[in-house]
Amino acid sequence: MTSERMAYINGAIVPESQATVSIRDRGFLQGDAVFDTTRTFGGKIFRLDEHLDRFYESLKYMRIDPRIPKARMAELTMEVLNANLPLLGEKDDFWVSQRVTRGVNVDGEYRPTVVIECAPLPFGARARYYRDGMPVVVPSVRRTPPEAHSPRAKVHNYVNLIQADLEVKAQNPIGWPILLDVNGNLAEGPGSNIFVVKNGTLITPREQMILAGISRRVTIELAQELGITVQEADIDLFDAYTADEAFVTSTSFCICPVSSVNGSPVGDGGVPGPMTDRLTRAYSGLVGVDVVDQYLSRLDD
Ligand code: PMP
C-alpha cells in the first residue's frame, strides 16, 4: 500500500504527486475555477449531495461545464475517499474537495480540468480556538459585493479573503477575520460564516452577501429543532460588540466559539456561551463525533 494520498484528475485516480495542472490552465492563470469542500466525520462523508448541489450552482454561475454529471461526480468522490481512507489516522478526518477549472484552451475551446482530492483537517493548528475562543478581528477590507461577483459562488479566487487575512494576521497572528460587507454589516470570514446570539435569538447574515455555508444551514436546522428563534438579518458592529455570544461555522470548524471582536469581549468573554454549547452538542450528536473533543485532543500537536 502506498503512503501517498491519491487524487482524481481528468479521468484517472493517481498518486497526488502525479496530479498536476498545466501552466496554461485558467484556474492557475486567473483563479478561474470553482470548488466545493465537505469533510468526513469518523471517516464518513458529510452531506455530499448538498455540497455537490452548491458546487454545480457555482459552476453554472461561472458558466463552466464540468462535462461530468453530478451523480458521477458523487461516485468519483467516494472512489477517491475510499482510496485514501487507509491513510486516515485514528483521530483524523479528511477535507474532501472537488475542483473544476475552465481548463486549457485547445484549438479555441476550453477543456475543463477536474480534480477530486482529500487533505487532513488541521485539528492541531486550530485546537486553541475551542479552548480559548476565537479572537475575531474585523479588517478594513470589505467582502466582495454581489455587484462585483457574487459571494454566493464558491470560486477559487480568494484574493479578497486573503487580503483580509493578511491584514488581520499582521495585527494578531491568531486573529480570525470576519469581513464587513460594503454596507458595514458583518459578512463572513475565510471559509466561515458568523452567528451572534442576542437576547436568546440566533442571528446570522442574509444569504445575498455571503457564501451560504452548509454548516450554517445545519446550525439553523439544529436551532429550529431546539426551538431557538433564528433570524437572517443585518448585523453591524454595534450588534457584534453587544452580543451575548458569537460563533463561526464551517465544514472544518462545525461550530467554533468567538471570545472577542476587535478586542472587545463577547458577553462575559467565557467560551462557549450556553447557546453555543447547546448547538455544538447537537452538532456533535448529528455527525456522530464529539467535534470539540476532536480538536481539543490535538492541543499538543
Ligand atoms: N464562507 C466562505 C467564503 C467559505 O469559503 C466557506 C467554506 N466553504 C464558508 C463560508 C462555510 O461554508 P461551509 O459551511 O459549507 O464549509
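Predicted model: local features only at pLDDT ≥ 70, side-chain atom pairs only at ≥ 80, totals over all residues.
The chain splits into two pieces in the domain assignment: domain 1 covers 6–121, and domain 2 covers 126–296. Their C-alpha centres sit 26 Å apart. As for who takes part in the contact, domain 1 puts in 25 residues and domain 2 also puts in 25 residues. Together the two domains bury about 2,100 Å² between them, with carbon and sulfur atoms giving 59% of that area. On the domain 1 side, three residues stand out: Phe35, Phe41 and Arg54 supply 28% of the area that this domain buries against domain 2, more than any other three residues.

Polar links also run across the boundary. Between domain 1 and domain 2 there are 13 residue pairs in polar contact, counting pairs with both residues at pLDDT 80 or more. In terms of secondary structure, the side of domain 1 that touches domain 2 draws at least two residues from each of strand E3 (33–41), helix H2 (48–61) and strand E5 (94–106). E3 gives the most, with eight residues.

Now for the charged pairs. Side chains of opposite charge can pair when their charged atoms come close. The model has 23 salt bridges by the rule used here, and the count between domain 1 and domain 2 is two. Arginine 47 and glutamate 221 form a salt bridge through their side chains, at 3.2 Å from N to O. Another joins the side chains of arginine 217 and glutamate 50, with an N to O distance of 2.7 Å. That pair ties together distant parts of the chain: arginine 217 belongs to helix H6 (residues 214–225) and glutamate 50 to helix H2, and the two are 167 residues apart.

Next comes the ligand. It has 17 residues around it, and the closest are Lys154, Tyr158, Glu188, Ser215 and Thr251. Two of these can be given with distances. An N or O atom in the side chain of tyrosine 158 is 2.3 Å from an oxygen atom of the ligand, and for the side chain of serine 215 the corresponding distance to a ligand oxygen is 2.4 Å. Arginine 54 comes back into the picture here: a polar side-chain atom of this residue lies 2.9 Å from an oxygen atom of the ligand.

Finally, the backbone has some details to look at. Most residues other than glycine have a negative phi, and most peptide bonds are trans. Arginine 47, the partner of glutamate 221 in a salt bridge, has a positive phi near 50°. This arginine is in the loop between strand E4 (44–45) and H2. Asparagine 199 also has a positive phi, about 50°, without being a glycine; its place is the loop between strand E10 (192–198) and strand E11 (201–204). The peptide bond from valine 271 to proline 272 is cis, with omega near -10°. Proline 272 lies in the loop that runs between strand E15 (264–265) and helix H8 (274–287).

Technical notes: Residues numbered from 1 in each chain as written. Heavy atoms only, no water. Domains from an automatic or database assignment. Contact = heavy atoms within 4.5 Å. Buried area = accessible area lost by both parts, 1.4 Å probe. Salt bridge = Lys/Arg side-chain N within 4 Å of Asp/Glu carboxyl O. Polar contact = N/O pair within 3.5 Å; in protein donor to acceptor, adjacent residues only side chain to side chain. Helix = DSSP H or I, 4+ residues; strand = E, 2+ residues; numbered from the N terminus. Near = heavy atom within 4 Å.
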